[in-house]
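Visitor: Could you walk me through this one? I would like to start with the strands and then move on to the side chains.

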Amino acid sequence: MSRQFVPVARLTDIPVKSNKAFEVAGENILICHTEMGIFAVRNRCSHQASSLEGGIIKKCFLYCPEHAARFDLRDGSTKGKLTKEGIRTYEVRVVDGHIEVAVD
Ligand code: FES
């Protein structure tokens, strides 16, 4: 199956330095609005599977609200003591003020 972009929210729905979770094609995806742009990741921490929604955003990093594991939103990688496993990232784009995420 090929990937296609699906509209999930308006850009104005998610202020800078905040995030919001959406169900998109059966996947729980967190849209993060950073000072460096929009990113989309799987909304499941690789430490203990907590939701990442509401986590603090600093530059291009997201901190899990549960135990503060830090994930790089550009590639989902992490470098902390809590987990070495990254989180999935999704392609994302903004078209006419709408955030679109690429899903399978
Ligand atoms: S569940 Fe995310 S850091 Fe522990």
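Visitor: How many bridges join S1 to S10, and how do the two run?
Guide: Six bridges join S1 to S10, and these strands run antiparallel; within that pairing, Ala-9 stands opposite Ile-99 in S10. Strands here are DSSP runs of E with at least two residues, numbered from the N terminus, and two strands pair if DSSP finds at least two bridges between them. This is a predicted model, in which local features need pLDDT of at least 70 and side-chain atom pairs count only at pLDDT 80 or more, while totals for chains, interfaces and linings use all residues. Residues are numbered from 1 along each chain as its sequence is written, and side-chain values use heavy atoms, with hydrogens and water left out.

Visitor: Which sheet does that belong to, and what order do its strands take?
Guide: The order is S1-S10-S9, an open sheet of three strands with antiparallel pairing. Its edge strands are S1 (4–10) and S9, each of which pairs on one side only.

Visitor: And what joins S9 to S10?
Guide: Four bridges join S9 (residues 92–95) to S10 (residues 98–103), again in an antiparallel run, with Val-101 in S10 as the bridge partner of Val-92. Two residues lie between the strands of this hairpin, where Asp-96 takes a positive phi near 50 degrees.

Visitor: Switching to side chains: how many salt bridges are there?
Guide: The structure holds eight salt bridges, each being a side-chain nitrogen of Lys or Arg within 4 Å of a carboxyl oxygen of Asp or Glu. One of them joins Asp-104 to Arg-3, with the closest N and O atoms 3.4 Å apart. That pair links distant parts of the chain, since Asp-104 is in the segment after S10 and Arg-3 in the segment before S1, 101 residues apart.

Visitor: Which residues make up the salt-bridge network?
Guide: Arg-3, Glu-27, Arg-88, Glu-91 and Asp-104 are linked in it. Within this group, Glu-27 meets Arg-88 with the closest N and O atoms 3.3 Å apart.

Visitor: Last topic, then: which charged residues lie over rings?
Guide: Among them, Arg-70 has its charged end over the ring of Phe-61, 3.8 Å from its centre, and Lys-58 lies over the face of Tyr-63 at 5.6 Å from the ring centre. The criterion is NZ of Lys or CZ of Arg within 6 Å of the ring centre and within 35 degrees of the ring normal.
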